[in-house]
Amino acid sequence: MSYQDPLLAYLPDRPTGKRRRAKKRSDLNTDAPHADTWHKQYQVYQDWRDKSSTLQRIRNNAHRFQQTCDAVKRGLQQAQSQIADQVDSSRDAVVVALKQQLRAARSKLRRALQQQQQQRASEDCLGADLAACSKCVRGSKQDSQSFALGILVFGALAYVCGSAPWMLPGLYLAFASVALPWRFQQFYRKRLTFFLLDFCYWTNIATVAFMVFGSNSPRFGTMVYALADGPMAAALIVWQSAWVFGSAAHCVSVLIHLLPGLALFAHRHFPPPASVAHIRLLNPISRGGEGQDSAGLWWSLLAPVIFYAAWQTIYWFIVQVCCQQSIKKHGYETSYSCLAKRAAKTNNVWNRIVRQGCKARRICMFGAIQLVFTVGCLLVFAPLYHYFFLSCIWQVVKFAVPVYYGSCYQCEKVPQHQVVKAVQSKKLHISLTADAKLATSQPGLNKTNPPQ
């Protein structure tokens, strides 16, 4: 059933067409409506307005709409305030982040500047260190003179060997008369006096004695030749003797092992010319090695072994019995202690064999190995003694091997020694600078504790 508003029952029907025009003419001719009629109609309207459910629903809807609008307005206001708060907080966060980034950039820039300053300071220090190192690494005029002298000695020796080998015995005697006293003086100053008891010095003394006093004894010459060109010359290879031209100690050490055998080789195979035959040292009555049939095995093998045994016994008696307490007390170096340290550094099979057991066993093993080495070298010397071509090859090998070891020492070890020397000088300079700063910062320290 359709709902009909009761107000419509009191309203007149809507006029149409003719009725509207007739009504209009009648309204013009009639008087104004009565007041009671309009009052009643308004009263009816008020009753209807108060009692109408439609209007009540409209009011309720309008109220709810008003509430909705207010809620929406409040929501918009809250959202606007939240957005403003978020914008403020985000703006504060951005500002804080920018400040942190700026602070980090400043610290990074400060560190970069400090690093740059430190790098410049380190470069300056490095330049100073390089200058100091260059002063330490750069050799002195004395080193240059020593190197030039070593080259001249080598060249002169090579020239004499090629052009006048008969002069080698006299050249060796001149060398021995200068080098052996100089060696004694150097060893005495460096507390290495017991090195003068080594086998090489005994052989040099025997060679000098043969050249000066026993040149008419071929058997003695055979024994000395076997010792000089056998175990003593082989020591150049076994002990890796380096012919360093700039070091007088190295040159003398190599020549002490090289020249005796070379001089006796020339003494045996190269007689002097007739123009100098009257010189006794150059033209002995019978050259060492002549009459080799009479020398035989005894003088080429057994006599050198007896000479080695006698030397070893005397060396042991002096070093291990008579002077042992003095060596320990004063800290003298001996060949045995030096070779023991060298073997301990390499830690080879010989070191493991020799340095086992008690001290007496180590000494016996050391002497036994030296005896085996000496006998082996003497056995190898036998064909060298009888064949000139093999002896010439051996002389070339004696020259070449020390030169090679000297080149290795010059190119590999000398730079390392110079760097170590520079580092030590830098450490000494730093320590002296620190001591000077400490002394300036504490002036009363030097007064209370003056240096001794």
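Helix α7 (residues 199-212) and helix α9 (residues 248-269) have axes that come within 10 Å of each other and cross at roughly 30 degrees. Keep in mind that this is a predicted model. Angles under 35 degrees count as roughly parallel, so that is the label α7 and α9 get here. Their crossing is left-handed.

Who does the touching? From α7, the contact is made by C200, Y201, N204, T207, F210 and M211, while α9 brings I256, H257, P260, A263, L264 and H267. Sorted by type, the residues of this contact come out as eight nonpolar and four polar, with no charged ones.

Now for the cysteines. A disulfide is a covalent bond between the sulfur atoms of two cysteines. How many disulfides does the structure hold? The count is zero. Take C408: its closest cysteine sulfur is the one in C411, 7.5 Å away, and that is too far for a bond, because a disulfide needs the two sulfur atoms within 2.5 Å.

Another spot to look at is S300, which is found in helix α10 (residues 292-322). Is S300 buried or exposed? The answer is buried, and C251 counts as buried too. The cut-off for that word is under 20% relative accessible area, and here are the two values:

| Residue | Relative accessible area |
|---|---|
| C251 | 10% |
| S300 | 18% |

What does S300 touch, leaving aside its neighbours within four places in sequence? S300 is in contact with T222, A226 and L378.

Notes. Residues are numbered from 1 along each chain as its sequence is written. This is a predicted model: local features need pLDDT of at least 70, side-chain atom pairs count only at pLDDT 80 or more; totals for chains, interfaces and linings use all residues. Side-chain values use heavy atoms; hydrogens and water are left out. Axes are lines fitted to C-alpha atoms, for helices over the stretch in contact, and angles run from 0 to 180 degrees between N-to-C directions. Helices (H or I, at least four residues) and strands (E, at least two) are DSSP runs, numbered from the N terminus. Angles under 35 degrees count as roughly parallel, over 145 as roughly antiparallel, 65 to 115 as roughly perpendicular and the rest as oblique. A crossing is left-handed if the near helix is turned anticlockwise from the far one by less than a right angle, and right-handed if clockwise. Contact means heavy atoms within 4.5 Å. Ala, Val, Leu, Ile, Met, Phe, Trp, Tyr, Cys and Pro count as nonpolar, Asp, Glu, Lys and Arg as charged, and the others, Gly among them, as polar. Buried means under 20% relative accessible area, exposed over 50%, partly exposed in between (1.4 Å probe, protein chains only).
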